[in-house]
Amino acid sequence: EWWAEERKLQTPEAKAIEEAAQILRTSDIPVAFPTETVYGLGADATRSASVQGIYRAKQRPSDNPLIVHVDSIEMLNRLLNPSPQIPSSPSSTKTPRISIPEIYEPLLDRFWPGPLTIILPNPSGSDLAPEVTSNLTTFGVRMPSSALARLLIHATDRPLAAPSANASTKPSPTTAQHVYHDLHGRIELILDGGASGVGVESTVVDGLCHPPAILRPGGIGIEELRTCPGWESVTVAYNDGTLDVKEIPRAPGMKYRHYSPKARVVLFEADSHLNGVVRHVQKDLQDSAIGAHNIGIIRTRNWPQGLGLAASDVLASTMRPVSSAIENLHSFPVPVQETGSPSSRTKIAYDYHLGSDTGAIAHGLFAALRALDELDVDVIYVEGISDRDGDLAAAVMNRLRKAAGAEMKV
Ligand code: TXA
Ligand code: MG
């Protein structure tokens, strides 16, 4: 097998994966690794002490179950059919093998490996540590398409429990630097595989109920799911305030504050008038009554240069790039006249243009929220996109509504 060859070659990549696998097998400190969705914080899903290390490092509430990551269908089948503790006597009747429920077959054919998590019954005598499932009778599992992630699982030779590798409540990490920022001092190793491609987490689906349900929107969308046999009438079982779902969220993680930067986030709904949005932000910038507000803007449309402020209001009429490492993030200072005082002070506007392509927005969103947080802005105005623009757009808006303290339409 090529991976065996690779290991023999002892390339730096192979060495890093071996080192990470060694920590995962022997230590209780989790290891961060890239996946195609977001970075995960991994632990051996079969050892309680190891899984507890995840909750400790993230400070995650213990009633929020983790997703199990496998490298192959074989590994999943082994999980569904744990070897009995006491070997059965040769005379005893053979217990039937448990297989993956048929309803999932078209999904796995089409979307695995990839950003789709399925819910399965946890078998009796399960090898999974009880902390993985938070004592639910089911577990969530996915096979990531990231080669690095699968190689790591393969080298560890264990299923890996892995939530997103952010500190609890913060935006999910899409680069190794994000993980470092949140978790340095708490973990020993981050495998750096560059920026995650998708940028939002996996879609979580439950095919054990009738009709099947989407518990969390993500990388695979509802329309795509509906094209699979048995999934035509899949229902939405998450609530982000826009849907008529009265029940409590069925994915326990969906009830928590999440994706939140330090700054207050104000979300403009997609059909807001561009003029109204720009005027709202201008007013905030020029209002001397509002504290020390430096503001961040994450936009998806073309706004007038310099926010359309009169040239005299903008110290430098052109915006400056904040860092060559972050594209499309610019700053410009705006002097604010104090009422009844000749003195003026300066507020800074940071402008982040994500572009209008949904894939690019999903890919860059968490990084944008994090970059603005690093700049210590007090408020971040975000221009939303339409849920009707497709599945990834719905996943983006789901994350934004959770991050936002206020939503408005202007
Ligand atoms: O893309 C992803 O899924 C990333 C990467 C690292 O793979 N992982 C991730 O994990 O987002 P986490 O722990 O942040 O989110 C897991 C979600 C939560 O909403 C949790 O409640 C739900 O999956 N979940 C896990 N097991 C479940 C179960 N047995 N029943 C219902 N929901 C479950
Ligand atoms: Mg998470």
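Which residues of α10 are buried? They are Val 277, Val 278, Val 281 and Leu 285. The structure is a predicted model, and its chain holds twelve helices and 16 strands.

**Chain overall**
- Of the 410 residues in the chain, 44% are buried.
- Among contacts in the chain with a separation of 6 or more, 67% join residues 24 or more positions apart.

**Helix α10**
- Helix α10 covers residues 274-286, which is 13 residues.
- At 1.5 Å a residue the helix should span 18 Å, and its end C-alpha atoms are 18 Å apart, so the two values agree.
- The buried set consists of Val 277, Val 278, Val 281 and Leu 285.
- Seen down the axis of α10, these buried residues fall within an arc of 95°, and therefore they line one face of the helix.
- Asn 275 and Lys 283 are exposed and sit on the face of α10 turned away from its buried side.
- The strands against which the buried residues of α10 pack are β10 (264-268), β11 (295-299), β13 (326-337), β14 (344-353) and β15 (379-383).

- β1 pairs with β2 (residues 40-44) in the antiparallel sense, over three bridges.
- Val 31 has Gly 42 as its bridge partner in β2.

Note on methods
Residues are numbered from 1 along each chain as its sequence is written. Chains are lettered from A and ligands numbered from 1 in the order in which they are written. This is a predicted model: local features need pLDDT of at least 70, side-chain atom pairs count only at pLDDT 80 or more; totals for chains, interfaces and linings use all residues. Helices (H or I, at least four residues) and strands (E, at least two) are DSSP runs, numbered from the N terminus. A residue is buried if 20 or more other C-beta atoms lie within 10 Å of its own, exposed if 12 or fewer, and partly exposed in between; C-beta atoms are placed from the backbone. Two residues are in contact if their C-beta atoms, placed from the backbone, lie within 7 Å. The expected span of a helix is 1.5 Å times one less than its number of residues. The arc is that of the directions from the helix axis to the C-beta atoms. Two strands pair if DSSP finds at least two bridges between them.
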